[in-house]
Amino acid sequence: MKIARLEVSLFRRELRMVVFFAFVFLVSTASAFGQGNSISGHVFGADRRPVADVQVELLDDLSRTLQRITVNSSGRYSFYRLPSGRFKIRVLPFGTDYEQQEQDVEIVNFTRGSGSGDDRILGASNEQRDFYLRLRPGAPIGVTGSIFVQDVPPAAKKLYDLGVEELKAKRSAEAYTALKSSLEIFPKYFAALELLGTEYLKAGHYEASQVLLTLATEVNPRSFRSWHGVAYSLFSQKKYPEAIAAIGKAMEINGAAPEGMLLNGVLLRRTMKYDEAEKQLAKAKELYGDSLPEIRRELGLVYADKKRYKDATKELRSYLKARPDAKDADAIKTLLVELEGRTG
């Protein structure tokens with residue numbers, strides 16, 4: 001009996017040691033991987049309504065981009081597994097009439113001495129930052145991006161909502177079917193035309209995208225997103241004059257949208273209007289260069305076309321620094337090698 005009680009006692013002692021070391025491991029692991037810290041919030045626009053599909057960036061205290069995500073349909077964003085320190089959250093409302101906005105956030109974790117000289121970080125910080133976007137100066141009241149009001153038949157609206165849910169679940173084929181069925185009921189359903197056209201554009205179905213988004217602009221001529229999509233689909237088909245006309249319509253609606261300025265600059269370069277392209281892209285860089293590095297890539301290519309090799313090298317290196325994993329990274333690196341040693 002004494003031996004049995006001794007074995008039980010030893011087992012309990014070993015179990016306590018296992019639990020203790022497991023706790024120490026979890027604490028140290030949490031410390032190494034950011035303590036489970038997070039920053040989250042919502043993005044609101046006019047009338048405190050959530051703004052969907054805008055991008056939100058997480059930056060460090062040197063204003064370097066760490067992550068970029070797109071808010072969900074409720075306007076919510078979240079960044080997880082963050083270390084302690086100072087950060088910035090920047091909202092990039094591209095394609096809308098809202099101004100860019102950012103907030104500073106500091107994450108502080110409490111520490112406790114372990115008795116061995118090493119401090120242990122305990123607990124996690126969950127910071128909440130909401131954004132209430134302001135309209136840019138001169139923006140028409142009540143017109144924010146592609147907001148458009150229609151009386152829609154309930155059956156068409158139900159199918160549209162189903163399509164949205166299918167897209168969220170990443171079931172594209174089912175989403176396409178629902179949206180097309182919605183349009184069969186109500187052919188001038190602007191939201192369905194724009195959404196399906198935009199999804200086709202993302203999937204590389206440029207001709208179908210052009211048709212749908214052109215119809216969307218006929219229903220709502222004030223949609224920047226639809227005109228920009230038409231321009232991009234035409235650009236992708238190498239129909240440059242038509243694309244220039246379409247992006248011009250988009251820029252009339254929102255001339256300060258960075259993606260519009262970028263595509264306009266690309267089209268001007270492709271049509272060898274280098275001075276105009278440089279002017280457009282330099283302005284875009286001044287306004288948005290840090291938040292949309294692709295502007296630096298296109299400006300670098302314009303400089304290369306104009307034989308301003310030092311300027312081209314500078315811009316292309318800045319692009320690669322911001323987008324080291326870009327699909328065209330190898331091509332840009334090859335171009336940089338060609339530019340080395342040249343002067344201009």
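**Cores, sheet and confidence**

The largest nonpolar core has 43 residues, and Phe235, Ile247 and Leu267 have the most contacts inside it. A nonpolar core here is a set of buried Ala, Val, Leu, Ile, Met, Phe, Trp, Tyr and Cys residues joined through side-chain atoms within 4.5 Å. Buried means under 20% relative accessible area, exposed over 50%, and partly exposed in between, with a 1.4 Å probe and protein chains only. At least two residues of this core come from each of α6 (224–236), α7 (240–253), α8 (258–270), α9 (274–288), α10 (294–305), α11 (309–322) and α12 (329–339). The largest contribution is that of α7, with 7 residues. Helices (H or I, at least four residues) and strands (E, at least two) are DSSP runs, numbered from the N terminus.

This is a predicted model, in which local features need pLDDT of at least 70 and side-chain atom pairs count only at pLDDT 80 or more, while totals for chains, interfaces and linings use all residues. Residues are numbered from 1 along each chain as its sequence is written, and side-chain values use heavy atoms, with hydrogens and water left out.

Which residues does Ile247 touch, leaving aside its neighbours within four places in sequence? They are His228, Ala231, Gly260, Leu263, Asn264 and Leu267, where contact means heavy atoms within 4.5 Å.

The buried residues of α11 are Tyr309, Ala312, Thr313, Glu315, Leu316, Tyr319 and Leu320. These buried residues pack against α9, α10 and α12.

Two loop residues have positive phi without being glycine. Lys170, with phi near 60°, lies in the loop between α2 (154–168) and α3 (172–185); Lys170 is exposed, with a relative accessible area of 75%. Lys238 has a phi of about 65° and sits in the loop between α6 and α7. At 64% relative accessibility, Lys238 is exposed too.

The strands include an open sheet of 4, ordered β3-β2-β5-β6 with antiparallel pairing. Two strands pair if DSSP finds at least two bridges between them. The edges are β3 (65–70) and β6 (101–107), each of which pairs on one side only. Within the sheet, β2 (residues 55–60) and β5 (residues 85–92) run antiparallel and are joined by 6 bridges. Leu58 stands opposite Ile89 in β5.

Overall, the protein holds 12 helices and 10 strands. Of its 344 residues, 41% are buried. Among contacts with a separation of 6 or more, 57% are between residues 24 or more positions apart.

How far can each part be read? The average pLDDT, the predictor's confidence in each residue from 0 to 100, is 82, and 80% of the residues score at least 70. Residues 1–8 have pLDDT below 50 and, beyond near neighbours in sequence, 0 contacts in the model. Residues 140–146 are also below 50, but that stretch has 17 such contacts. Where pLDDT is low, the predicted coordinates should not be read in detail.
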